[in-house]
Amino acid sequence: MSTLHEGKSSAQSNPLFQLGKERLELIGKHADALMQGYLQGHVDESSFSHQALEKLINGRILWRPDEQQPLSLRPNVNELIAGLTQDERKRQINSDVGEHLDLIHTRVQSLQTARQKGDYAASEHHMQLLTERVHDMTGQFGDAIESLWHRLNTEFGFVSSLDDKILEIELAQRQLRRILDGFKIISFEDLIQLAGSDGALRKLLVSQLQARISEHSGSLLEVQKRLVLLMARFRHQQERALLVNRMSAFLRQHPNFKVGDYPNRSNVPEVINQAHGISAQGFVALDRPQDSYALAELARAIPRDLVPASQSETQTQGFATAVQDLVATEQKQLAKDVEDFFLHVIESTEAVSGVDYLAENALPWEAEMWLFQIVAEFEGLPQQNKQSFMLEKDSARKSPFNHLHIIQDVKLGMRFFGDFQAVG
Amino acid sequence: MIENGPLLERLLEGEFICAVTDEHSFHKLQNEQLVEDLNHFLRPLNRRVAKSEDGAVYFLAYCDLNQQARQQLSQQFNTTVQSLLPMLEWMQLVQEAMGRDGALSAGDTIKLQDFESKVVDNQSLIQRLGQLSSDKLFKSTSDKSDMQIKQVFKRIKELGYLYQPHKDRLFYIVTGKVEQLIELVRFIKDEENVPIDEHTPEQEAMF
């Protein structure tokens, strides 16, 4: 930019063109080694030929910061790579506004001088430089903001430890504040005066710039908010990690550490008030007729293994097949019904006929089987209990030729004070 | 209220509800009106809906701290305090093995395979895992790292600090119950004046 080239020559004929192209190509040619140098902080001189090294130094790509120091990339090249790769470790945020404003003032003055002289070409040239300068300034802020957003969105992933992240956020907060401070220096009143009545200048220096700056400010305020949130989160995480580490170290060192009896204090702290679990269980209940259909459905839906998987001996009790299982189930039900019959007898005031009970309750058993089970149950009672009941068999002789008696019904009643309570 | 039956039941069973274990219910519980309704129902059972200080997890607490409730709390508190050190050591182990900076928090994911490969790469981690897994909280009797890891994670899942979204995949998510544990640690530190705040880095290096 220091070489002012007067005249309206085309870009190619400008000597800068050739020089810049050569140097960009030089960078491209040594991209591998230069990138290595970028990452290591210095270049390995042995990977270049002597000539190449000289070209790179003369080309202002490499330099030796100090005689003792190894060759490294010039700051501008470093910055270029950092910007191109969004490498937040090395990316710099340039927040200096003052210098830009100074340069803008100078350019405007040169422009106005050229115009007064009527030098159209020169004023064109100055206008171009001025435009570039303004765009450089806003672009620089745009880059800075983009870099801040990028760091935010990756949660400062370019540094690994939490401590470093917190330091990086602090740095970003300082940079952000500097940019915002820089915005304050821009006085649009001055710029309006500077532009005067020139429409193009007004547009460049006032309306466009103002729009960009206010857009940037909004973005920066948002970044600021997010940085504060992220910082709070990192601090929180850091505090937790410290708490966990230190507490466990403390507990290891003090194996006999006793904690207070908080559950029995007058004020029980919230943090330990956790109710123990209770499980509410429900069972099959047949006391609501409207449920019986649904329950029967459920019972039918229970899958029955045709060949039961290895059952323990206590479970099988000699039965081995599914059919026998079914019989066992039926038998259990029969025994249960008989038990209910006994309970019914206990509750009722009179002796109850087994056959009548069977019919009244519409039980599915054959009368013979039913009566047999009642008798069996009665006989099976412990002696003490047996005395409480009285069983009367209603039987008739089947044939006059033998002593076969057929039991047609049994009546079961409670025995009080040794008497059959209701005499049949 | 009917539609909240299953949620109530889970709370009653002693489950902790957080965004990891049941996001839908967790959001429901953020509705104060619903919590009030649930509390109304829970009142005869001497329970109410409570949440951790940061609101990361919901659970049931006692309304009235009667003798019976206190007894339960004592028992539970003792168990928790006894398991505190192994739990904290487990958190540290995971944190170090996975190269994490912050302590584990709700929503963090742990692939058992990753964890295992990190641990078996490092002799000191293997040793620490061995010690940890034989603690009476985990009761591993195996001397193989992979079995020890499985046992430790299984136990921690049972304790409710880990959630396993797929039964047959060894992939875990840290639940909000961990936040409640951290709050307890913080509480103990403050209440018992555990002198761990003033540690300078030099002192820390001595551990």
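What we have is a predicted model, in which local features need pLDDT of at least 70 and side-chain atom pairs count only at pLDDT 80 or more, while totals for chains, interfaces and linings use all residues. Residues are numbered from 1 along each chain as its sequence is written, and chains are lettered from A and ligands numbered from 1 in the order in which they are written. The model scores ipTM 0.86 and pTM 0.59.

Let me start with helix 7 of chain A, residues 162–185, where helices are DSSP runs of H or I of at least four residues and strands are runs of E of at least two, numbered from the N terminus. Lys165(A), Ile169(A), Ala172(A), Leu176(A), Ile179(A) and Gly182(A) are buried in this helix, meaning that 20 or more other C-beta atoms, placed from the backbone, lie within 10 Å of the residue's own. An α-helix has 3.6 residues a turn, so residues three or four places apart point the same way.

Turning to chain B, there is an open sheet of three strands in the order 4-6-5, with antiparallel pairing, pairing being at least two DSSP bridges between two strands. Its edge strands are strand 4 (109–111) and strand 5 (162–163), each pairing on one side only. Strand 5 is joined by two bridges to strand 6, residues 171–174, and Leu162(B) stands opposite Val174(B).

Finally, the mean pLDDT of chain B is 88, with 95% of its residues at 70 or more, pLDDT being the predictor's confidence in each residue, from 0 to 100. Over residues 200–207 of chain B, however, the pLDDT is below 50. Where pLDDT is low, the predicted coordinates should not be read in detail.

How values were computed:
Expected span 1.5 Å × (residues − 1). Buried ≥ 20, exposed ≤ 12 C-beta atoms within 10 Å, placed from the backbone. Contact = placed C-beta atoms within 7 Å.
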